[in-house]
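Dear colleague,

Please find below the structure for your review. My notes on it follow.

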Amino acid sequence: MGVLGNLRGSLVGRRDAALEGFTESGELPETLAADTRYTEIEILLREDCNTWAVSPDLARLLARAIIGLGLSNVLEFGAGLSSLVLATSLSRLSGGKLTSMEQNLGWCRDQWRRVSDLANVDSRIVESKLRLSLSATGICYCFRDAAGIVASRGPYDLVLVDAPQGFYGRDGALQMASRHLVPGALVVLDDAGRSGERWALFRSLVTTRGYKLLFYDETFGGRGCAILRWCSDGGIRPSLLAISTSAVQAVSYARGRRRRHAEIEEWV
């Protein structure tokens, strides 16, 4: 397996054990756990068959969070069907504000035309390129170009983190969100069953004092889901463990990409 493989295996075990200890409760709060369904959301889910779209289970959970808890200012990283679900839920609740970060607006143009048609929702989508940076959570990619807009439209009571994708990781999105939250805000991390997302979740909990892990299920919706609660701004504490795990992950990703490129060139 090699030194890097042994180190990675040891760190994975430490991460997974720590995530269990961070969890406040193994169950969702009653308002979110109830199988409440809204006609408008069910129609959207029947219409959209995109493989990359938010899962039906997560879409319903987001709708219950907004409508059931009365949340009104939403930030999302990664636009698409989720934007339409969030905006439709806000509209049913007499309106609100939705701010979306996206790397490529071409992926969600159709959904956002419909979002813009909802007159009682103050919606804005921002195309932002990713920038590599070093932070308290380690090596990460951030929507740095959008920092001013995110700040001006906050603070937020609900955040959906469904981007960036792949090796870019979601540490940067979780860290950006933490600067603009009201006490009690919920931060929902999609795809939490994947290794990269588990690392991002772990590093955020280790370094960001205000985050508390409310719920964590690796199988939720077929992709996994984590819900963080923002308690108070306790600041960010640099962590050698966070930085080292992000470095190991970066090296692992780089090796994997080189291997895939070599396989493609050999096949061609």
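Which residues make the nonpolar surface patch of about 360 Å²? The patch consists of L132, L134, I139 and I243; patches take residues with over 30% relative accessible area and no salt bridge, joining like charges within 9 Å and nonpolar side chains (Val, Leu, Ile, Met, Phe, Trp, Tyr) within 5 Å. I139 lies in strand β5 (residues 138–142) and is partly exposed at 36% relative accessibility (buried is under 20%, exposed over 50%, partly exposed in between, with a 1.4 Å probe and protein chains only).

This is a predicted model, in which local features need pLDDT of at least 70 and side-chain atom pairs pLDDT 80 or more, while totals for chains, interfaces and linings use all residues. Residues are numbered from 1 along each chain as its sequence is written, and side-chain values use heavy atoms, without hydrogens and water.

The whole structure holds 17 salt bridges (a side-chain nitrogen of Lys or Arg within 4 Å of a carboxyl oxygen of Asp or Glu). One of them pairs E42 with R60 at 2.8 Å, N to O. This pair links helix α3 (residues 39–47) to helix α4 (residues 56–69), with E42 and R60 18 residues apart; both residues are buried.

A salt-bridge network links D162, R170, D191, R194 and E197. E197 meets R194 at 2.8 Å, N to O; E197 is buried, with a relative accessible area of 5%, whereas R194 is partly exposed at 34%.

Helix α9 (residues 195–207) has 12 of its 13 residues buried, so the rest of the structure largely encloses this helix.

Kind regards

Methods: Areas by Shrake-Rupley, 256 points an atom, 1.4 Å probe, with all protein chains shown as cover. Helix = DSSP H or I, 4+ residues; strand = E, 2+ residues; numbered from the N terminus. Expected span 1.5 Å × (residues − 1).
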